[in-house]
Amino acid sequence: MEAPALVAKWLKESSKTVVFTGAGISTESGIPDFRSPGGLWSKYDPEDFTFQKFLSSEISRKNYWKMSTEAFSVIARAKPNEAHLAVAELERMGLVHWVITQNIDGLHQLAGTSRERIIELHGTCRTVSCLQCRKQWAREEIHEMVLGGVEVPKCDECGGLLKPDTISFGQAMPERETAEAFRISSECHLFIVMGSSLVVQPAASLPVVAKQAGARLVIINRDPTHLDSMADLVIRGSCGHTMRAVLREVREDREARE
Ligand code: NAD
C-alpha cells in the first residue's frame with residue numbers, strides 16, 4: 001500500500017488521533033523554520049534571545065523586538081497552506097482529535113482547526129502581554145507602535161515590559177498545556193508528526209510517549225529525524241504535498257463506501 005493510503009487507513013482505524021506540528025508545516029506558507037538553511041537561526045544566534053537576557057538588558061530587548069517584528073511582518077501576511085487546511089478538514093470529518101503545535105503563527109486556527117482542539121505549546125505571536133500586570137493586546141496594535149519607531153514597547157497601565165505571548169528559550173513552558181499534551185499523547189492511538197526536527201524538548205518527547213503507550217507513529221518531514229527508526233511510517237516529503245495525497249485517499253475511501 002502507498003504511504004498516503006496507509007495513513008488514510010490508520011486515520012480511519014484510530015478513534016484518538018493527534019497531529020503534532022512544527023515549523024516545517026508552515027514553510028510552504030512562506031514562514032521560514034529555524035534550522036533549515038536560510039532559517040532564522042542561520043541569521044540570528046538563539047543565545048541572544050533567551051528570556052533572561054530579555055529581562056536583564058535593554059539592548060537585548062531592542063534586538064528581540066527587532067527580530068520578532070521582522071518575523072511577525074512575514075507571519076501577518078502568511079496564509080494557511082494545504083497541510084493546515086487538510087488537518088482542519090480531517091478534524092471536521094472526525095478523523096483528527098487533537099492538534100499539538102510548537103508553532104506560534106496561529107495558522108492552524110486560520111485554517112479552521114477549532115480552538116478547543118489545539119494546544120499551542122510555545123504560545124502565540126498573535127497577542128502581546130505585560131510581564132508585570134498581564135494586560136494583553138492584539139499583536140497588530142503593538143506591531144504598529146514598533147514599526148512607528150518605539151524600540152521597546154512598555155505597558156500603558158503599569159510601565160511593565162511587553163513581550164509577545166511566545167515561550168522564549170529559558171522561559172517556563174505553560175504548565176496546563178504541557179501536562180495536557182503529555183496526557184493526550186499517552187492516550188492516543190495514532191500520532192502524526194508534521195514538519196518538526198524533533199530536537200526541541202520537551203515537545204520532542206511527545207512522539208516517544210505516544211509510541212511507548214502503544215500508538216502508531218507517523219513522521220512526515222523533509223529531513224531525517226532521530227526518531228525515524230522508532231516510527232511505523234516515515235514520509236520524507238513536504239507536508240503540503242503529502243497531506244493533499246492523504247486527504248484524497250480519505251475522500252476516495254468515503255466515496256467508495258457511500
Ligand atoms: P525546526 O526548524 O527545528 O525543524 C523544522 C523541520 O521541518 C526540519 O526538520 C525540516 O526538514 C522540516 N521541513 C521544513 N519544511 C518542510 C516542509 N514543507 N514539509 C515537511 N518538512 C519540512 O522546527 P521545530 O521542530 O518546529 O522546532 C523549532 C521551534 O521553532 C519550535 O519551538 C517553534 O516554536 C519555533 N518556530 C515556529 C515557527 C512558526 O510558528 N511557523 C517558525 C520558526 C520557528
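Predicted model: local features only at pLDDT ≥ 70, side-chain atom pairs only at ≥ 80, totals over all residues.
**View 1. The chain is divided into two parts, domain 1 and domain 2.** Follow the residue numbers and you will see that domain 1 is built from residues 1-31, 79-122 and 172-258. Domain 2 takes in residues 48-77 and 124-166. Between the C-alpha centres of domain 1 and domain 2 there are 30 Å. Where they meet, domain 1 supplies ten residues to the contact and domain 2 supplies eight.

**View 2. Here we look at the interface of domain 1 and domain 2.** The size of an interface is often given as the accessible area lost when the parts come together. For domain 1 and domain 2, about 660 Å² is buried between them, with 57% of it on carbon and sulfur atoms. On the domain 1 side, look for Ile31, Ile104 and Asp105: these lose the most area to domain 2, together 52% of what that side buries. Sorted by class, the domain 1 side that touches domain 2 has four nonpolar, three polar and three charged residues.

**View 3. Now turn to Val193, a residue in strand S7.** Strand S7 covers residues 190-194. Is Val193 buried or exposed? Val193 counts as buried because its relative accessibility is 0%, and the cut-off for buried is under 20%. Leaving aside residues up to four places away in sequence, Val193 touches Phe20, Leu198, Pro207, Leu217, Val218, Ile219 and Ile220. For a sense of scale, find Phe34 too: Val193 and Phe34 are 159 residues apart along the chain, and their C-alpha atoms are separated by 17 Å.

Key: Residues numbered from 1 in each chain as written. Heavy atoms only, no water. Domains from an automatic or database assignment. Contact = heavy atoms within 4.5 Å. Buried area = accessible area lost by both parts, 1.4 Å probe. Nonpolar A, V, L, I, M, F, W, Y, C, P; charged D, E, K, R; others polar. Helix = DSSP H or I, 4+ residues; strand = E, 2+ residues; numbered from the N terminus. Buried < 20%, exposed > 50% of the residue type's maximum accessible area, 1.4 Å probe, protein only.
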